[in-house]
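Here is a short briefing on one protein chain. Keep the structure open as you read.

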Amino acid sequence: MRYGPPRFMNPATAIEQILYTENERHPASSSSKSKTDGSAGDDDEATSSTSRASSPDPTMVQYPVYPTLLDPHKTLIMTLSRLGTPTQQIMSGTLEEMASLTEEDFGGPLHSVVIVGGNSSGGKGRLHPLEAEYAAKFAVGGGEEFWRCAKEDYGVERESI
């Protein structure tokens with residue numbers, strides 16, 4: 001039996017695949033499309049039952065459009081690269097911010113990608129204030145977007161000292 005050389009997925013590839021999958025599962029989600037272009041968007045539009053088909057033909061099968069579970073503008077993630085080595089690297093941010101990074105930004109393997117849990121019933125995500133404070137130290141882009149998301153979408157306020 002022959003074994004091939006080890007292959008590792010870079011976080012940039014994992015994030016790309018996550019976004020691709022969400023886009024395929026929810027092509028008509030107004031929430032994720034409007035957030036990426038900088039406009040405000042309305043989450044209620046994404047949760048309404050609409051048709052994926054643009055044809056007014058009543059014989060066409062119509063499918064409901066469900067809100068995405070991983071809105072790039074509202075989902076926090078962390079990446080951990082080569083943890084425990086002298087070249088370890090930790091980064092955090094919104095899925096949208098992290099998607100803008102290249103493979104070189106993450107460096108060589110081994111990598112872990114942590115998606116901060118949310119509440120599937122539409123409520124706030126689950127993030128402890130201590131976890132937020134620690135992750136914010138590694139936030140890309142200075143942390144402003146990280147803290148906006150932590151406050152609005154996870155209900156975590158930044159502690160003042």
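How much accessible surface does the protein have, and what share of it belongs to carbon and sulfur atoms? The accessible surface comes to about 10,500 Å². Carbon and sulfur atoms hold 53% of that surface. Bear in mind that this is a predicted model.

**Overall build**

- The protein has seven helices and three strands.
- From the N terminus, the order of elements is α-α-α-β-β-α-α-β-α-α.
- The protein has 161 residues, and 34% of them count as buried.
- Take the contacts in the protein with a separation of 6 or more: 61% of them join residues 24 or more positions apart.

**Aromatic pairs**

- A pair of aromatic rings is described by the distance of the centres and the angle of the planes.
- The count for this protein is two aromatic pairs.
- One of them joins Tyr 134 and Phe 138, with 5.2 Å centre to centre and 65° between the planes. This pair is edge-to-face.
- The other joins Phe 146 and Trp 147, whose ring centres are 5.7 Å apart. Their planes stand at 85°, so this pair is edge-to-face too, given that angles over 60 degrees count as such.

**Exposure of the paired residues**

- Tyr 134 has 42% relative accessibility, so it counts as partly exposed.
- Phe 138 has 25% relative accessibility. Buried means under 20%, so Phe 138 counts as partly exposed.
- Are Phe 146 and Trp 147 buried or exposed? Both residues are buried.

Technical notes: Residues numbered from 1 in each chain as written. Predicted model: local features only at pLDDT ≥ 70, side-chain atom pairs only at ≥ 80, totals over all residues. Heavy atoms only, no water. Phe/Tyr/Trp six-rings, centres within 6.5 Å; stacked < 30°, edge-to-face > 60°. Buried < 20%, exposed > 50% of the residue type's maximum accessible area, 1.4 Å probe, protein only. Helix = DSSP H or I, 4+ residues; strand = E, 2+ residues; numbered from the N terminus. Contact = heavy atoms within 4.5 Å. Areas by Shrake-Rupley, 256 points an atom, 1.4 Å probe, with all protein chains shown as cover.
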